[in-house]
Amino acid sequence: APAAPAAAAPPLDALAELMGGATPAPAAPAAAAFPPIVAYEKGGLKIVFSFAKNPAQPALTTITATCSNASPVGITNFSLQAAVPKFMQIHMSPVATNAIPPNNSGALTQQMQVNNSMHGQRPLVMRVKLDFAMGAQAVGEMVEVSNFPPGL
C-alpha cells in the first residue's frame, strides 16, 4: 500500500511540469480572492470595501465601497473622499446618487482605482473623509483605513 501513493506522486509532478508547474494555477485565484473589509461603521452607516485585481497589473486595485444605512433616518448629501500616500495614485468614479436610504433598504456604491507604485514593499493605506446629513444633523468624519488585506 505505501508504494501506491509514492508511485502516484511522480505522474502528478510530471503532469504539473507539463502544464507549466503548479505555482501559477493557485496564484491566479489567490490574486482575486481578497476578503472585504469594514472601512467604517458608526451611527447606522456602514461602509464595506471589496476588492478586485487584474493579475497582469498587480499594483492596481479596484475598490468598491458599498455604503449602507441601518438607521431609521435617511442619509442625504453623502460625500466620500479618499486620500492615499504620495507613492500611490487614486481615481474615484462619480456616484449616481448622494442619498443612502434608511433601514438597509438600499446602498450607494463608489468605485476607486488605487495604483500602489510600491506594491509588495508598502501596504495599502487610505484616509477617508465622510460628509453627510442624517436627518437634520450634519456629520463630518475623518478615518484612517489600514486594515486592508495583505497583498493589495
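Analyst: A residue is called buried under 20% relative accessible area, exposed over 50%, and partly exposed in between. The structure shown above is a predicted model, and the answers below set its computed values against cut-offs of this kind.

User: What makes the contact between Glu-141 and Lys-42 a salt bridge?

Analyst: The side chains of Glu-141 and Lys-42 meet with N and O 2.9 Å apart, and because a salt bridge asks for a side-chain nitrogen of Lys or Arg within 4 Å of a carboxyl oxygen of Asp or Glu, the pair qualifies. The bridge links distant parts of the chain, with Glu-141 in strand E8 (residues 137–145) and Lys-42 in strand E1 (residues 37–42), 99 residues apart. In general, side chains of opposite charge can pair when their charged atoms come close.

User: Is Glu-141 buried or exposed, and how do you know?

Analyst: The relative accessibility of Glu-141 is 19%, and since the limit for buried is under 20%, Glu-141 counts as buried.

User: How many salt bridges does a search of the whole structure find, and what are the distances for Arg-127 with Glu-144 and for Asp-131 with Lys-129?

Analyst: The search finds 3 salt bridges. In one of them, the closest N and O atoms of Arg-127 and Glu-144 are 2.8 Å apart, a value that can be set against the limit of within 4 Å. Arg-127 lies in strand E7 (residues 126–134) and Glu-144 in strand E8, 17 residues apart, and the pair links distant parts of the chain. Arg-127, at 42%, is partly exposed, and Glu-144, at 48%, is partly exposed as well. For Asp-131 and Lys-129 the closest N and O atoms are 2.6 Å apart, which again falls within 4 Å; Asp-131 is partly exposed at 26%, and Lys-129 is partly exposed at 30%.

User: How do you know that E5 and E6 pair, and in which direction do they run?

Analyst: Strands E5 and E6 (residues 107–116) are joined by 5 bridges and run antiparallel, and because two strands pair if at least two bridges are found between them, E5 and E6 meet the condition. Within this pairing, His-91 stands opposite Gln-113 in E6.

User: Why is Ala-39 called buried, and which residues is it in contact with beyond its neighbours within four places in sequence?

Analyst: Ala-39, placed in strand E1, has a relative accessibility of 15%; because this is under 20%, Ala-39 is called buried. Leaving aside neighbours within four places in sequence, its contacts are Ile-47, Phe-49, Val-143 and Val-145. Ile-47 in turn touches residues that include Ala-39, Phe-78, Leu-80 and Leu-130.

User: Which residues touch the most other members of the largest nonpolar core, and which strand gives the most to it?

Analyst: The core has 33 residues, of which Leu-45, Ile-47, Phe-49, Phe-78, Met-126 and Phe-148 touch the most other members. Several strands, among them E1, E2 (45–53), E3 (60–69) and E4 (75–83), each supply at least two residues of this core, and E7 gives the most, with 5 residues.

Definitions and conventions: Residues are numbered from 1 along each chain as its sequence is written. This is a predicted model: local features need pLDDT of at least 70, side-chain atom pairs count only at pLDDT 80 or more; totals for chains, interfaces and linings use all residues. Side-chain values use heavy atoms; hydrogens and water are left out. Helices (H or I, at least four residues) and strands (E, at least two) are DSSP runs, numbered from the N terminus. Buried means under 20% relative accessible area, exposed over 50%, partly exposed in between (1.4 Å probe, protein chains only). A nonpolar core is a set of buried Ala, Val, Leu, Ile, Met, Phe, Trp, Tyr and Cys residues joined through side-chain atoms within 4.5 Å. Contact means heavy atoms within 4.5 Å.
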